[in-house]
Amino acid sequence: SALYFRRRVASAGGLYQVPLKDAGKPPRKLADQVGDFHLTPDGQTIAFVRDPAAFTSGAGLRLGDFYRVRLPGRRLHVVTDPELAERILVHDAAHFEKSRIYWGELRRSLGESMGALEGPRWEYLHQVERPFFTPEAVGGYLPAIERQTTLHLDRLAQGLAARPEVAVLDVLGELNARIVLGALFGQPDEPAALELAQHIADGHALIAWKDRWPWRPALAWFNGVGRRAARHKLALGGYAGRVRLSPSAADPRLLLHALLRIVRDPAAPSFPDDLLRNEIAFHLGASTETQAAATGWALYLLWKHPDTLERLRDELARVAGESLVSAQHVPALAYARQVLQEALRLFPPVFAILRDCVRPLDLPGCAARSGDTFLVSVNGLHRNPRLWSDADGFRPERFGPDQAAGIGRYHYLPF
């Protein structure tokens with residue numbers, strides 16, 4: 001999503017839209033439409049490999065909501081049906097694990113963290129970290145988020161006088177890094193926030209590059225990609241070492257303190273010595289560029305739809321008056337929430353959820369084998385005309401109280 005944002009905004013183009021022959025038709029039941037479709041190794045397969053996000057939310061939707069991509073050495077199934085997505089992600093989740101596609105390369109490139117682990121060690125980390133992500137805990141972060149946002153935008157405004165153009169993703173990525181490092185690791189005014197955000201962004205790009213074709217990891221040390229990745233790990237490791245020795249490490253209110261206690265927990269599973277580095281990288285990776293892309297797309301959509309922007313400004317003026325918008329105003333900003341929800345529908349930060357089958361099972365239209373990969377296309381679900389009216393249109397009102405009740409739980413998976 002972030003890479004696509006850079007390309008699209010640079011060209012000042014419109015939204016990605018593909019005319020679909022099924023547009024406007026009512027949703028069909030899964031049993032009426034699934035099939036084990038094979039994409040022959042022609043332009044369709046090439047289009048999928050080049051840009052799976054665009055393909056699965058565009059041309060791929062013409063194939064139905066469940067089809068198979070014929071790739072050398074892989075049985076990859078694409079899912080854009082909410083019922084089947086729910087089976088894979090929830091009801092039959094014991095038959096699946098995080099895919100070797102991307103997640104396997106993430107483990108090899110960065111090491112073990114909650115984002116890449118499975119089984120008992122993931123369960124242990126989940127229990128350790130869960131208290132820091134409850135609604136109550138997140139509500140407690142809002143004043144710090146407000147402070148960081150105000151300081152960051154003040155610095156941005158000062159810089160605009162000298163340079164009126166800004167790199168939106170860099171600005172938002174640095175802000176999100178400051179929020180994460182302050183809220184979870186007790187480093188609220190981290191001077192290296194922008195540098196860390198850039199390490200994470202480039203690290204994501206390198207992982208995506210290596211994972212595109214199976215031979216690329218072997219080439220990484222010949223074309224400089226491997227050395228770039230090593231520099232990122234070294235920088236993140238050095239930062240983790242400094243944070244470990246900071247006064248914040250003794251604060252029990254912080255995730256940092258909880259992570260450092262793991263080594264002293266006799267009930268803890270075995271973890272690598274660089275777990276703190278891996279967890280810092282995981283949390284920055286999960287929230288820095290993803291949030292930057294989501295906010296960037298929302299700003300882009302508002303720029304393209306001035307009537308929506310004007311209505312949003314009216315709500316902000318009504319709720320906050322002459323004061324700056326603060327954490328206390330958030331619950332009353334109903335239309336702002338709808339705008340963000342619709343932006344996340346059209347441009348979700350993560351375009352797909354990948355799972356590998358580890359225990360065979362029968363799915364409608366497919367006997368899933370061990371080793372099969374299932375790509376639940378979030379883009380495809382969000383732009384599926386069999387699930388959404390005017391699927392490619394920007395309509396925040398669809399998340400209003402009169403219409404939101406008709407949105408199925410697995411029609412919408414923004415994160």
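Modeller: Residues are numbered from 1 along each chain as its sequence is written, and side-chain values use heavy atoms, with hydrogens and water left out. In this predicted model, local features need pLDDT of at least 70 and side-chain atom pairs count only at pLDDT 80 or more, while totals for chains, interfaces and linings use all residues.

Biologist: What makes strand β3 largely enclosed by the rest of the structure?

Modeller: Buried means under 20% relative accessible area, exposed over 50%, and partly exposed in between, with a 1.4 Å probe and protein chains only. In strand β3 (residues 74-79), 5 of the 6 residues are buried, so β3 is largely enclosed by the rest of the structure. Strands are DSSP runs of E with at least two residues, helices are runs of H or I with at least four, and both are numbered from the N terminus.

Biologist: Which strands does β3 pair with, and how do you know?

Modeller: Two strands pair if DSSP finds at least two bridges between them. Strand β2 (residues 66-71) is joined to β3 by 6 bridges and runs antiparallel to it, with Phe66 opposite Val79 and Val69 partnered by Leu76. Strand β8 (residues 373-377) is joined to β3 by 4 bridges in a parallel arrangement, and there Val78 stands opposite Leu375.

Biologist: How do you know that the length of helix α16 agrees with its number of residues?

Modeller: The expected span of a helix is 1.5 Å times one less than its number of residues. For the 15 residues of α16 (residues 306-320) that gives 21 Å, and the end C-alpha atoms are 21 Å apart, which agrees.

Biologist: Why are the buried residues of α16 said to be on the same side?

Modeller: The buried residues are Thr308, Leu312, Glu315 and Ala320. They cover an arc of only 105° around the axis, taken from the directions from the helix axis to the C-beta atoms, so they lie on the same side of α16. The face turned away from that buried side carries the exposed residues Pro306, Asp307 and Arg318. Cover for the buried residues includes α15 (289-304) and α17 (334-346), where contact means heavy atoms within 4.5 Å.

Biologist: Why is α15 called roughly perpendicular to α17?

Modeller: Axes are lines fitted to C-alpha atoms, for helices over the stretch in contact, and angles run from 0 to 180 degrees between N-to-C directions. The axes of α15 and α17 come within 9 Å and cross at roughly 105°. Angles under 35 degrees count as roughly parallel, over 145 as roughly antiparallel, 65 to 115 as roughly perpendicular and the rest as oblique, so α15 is roughly perpendicular to α17.
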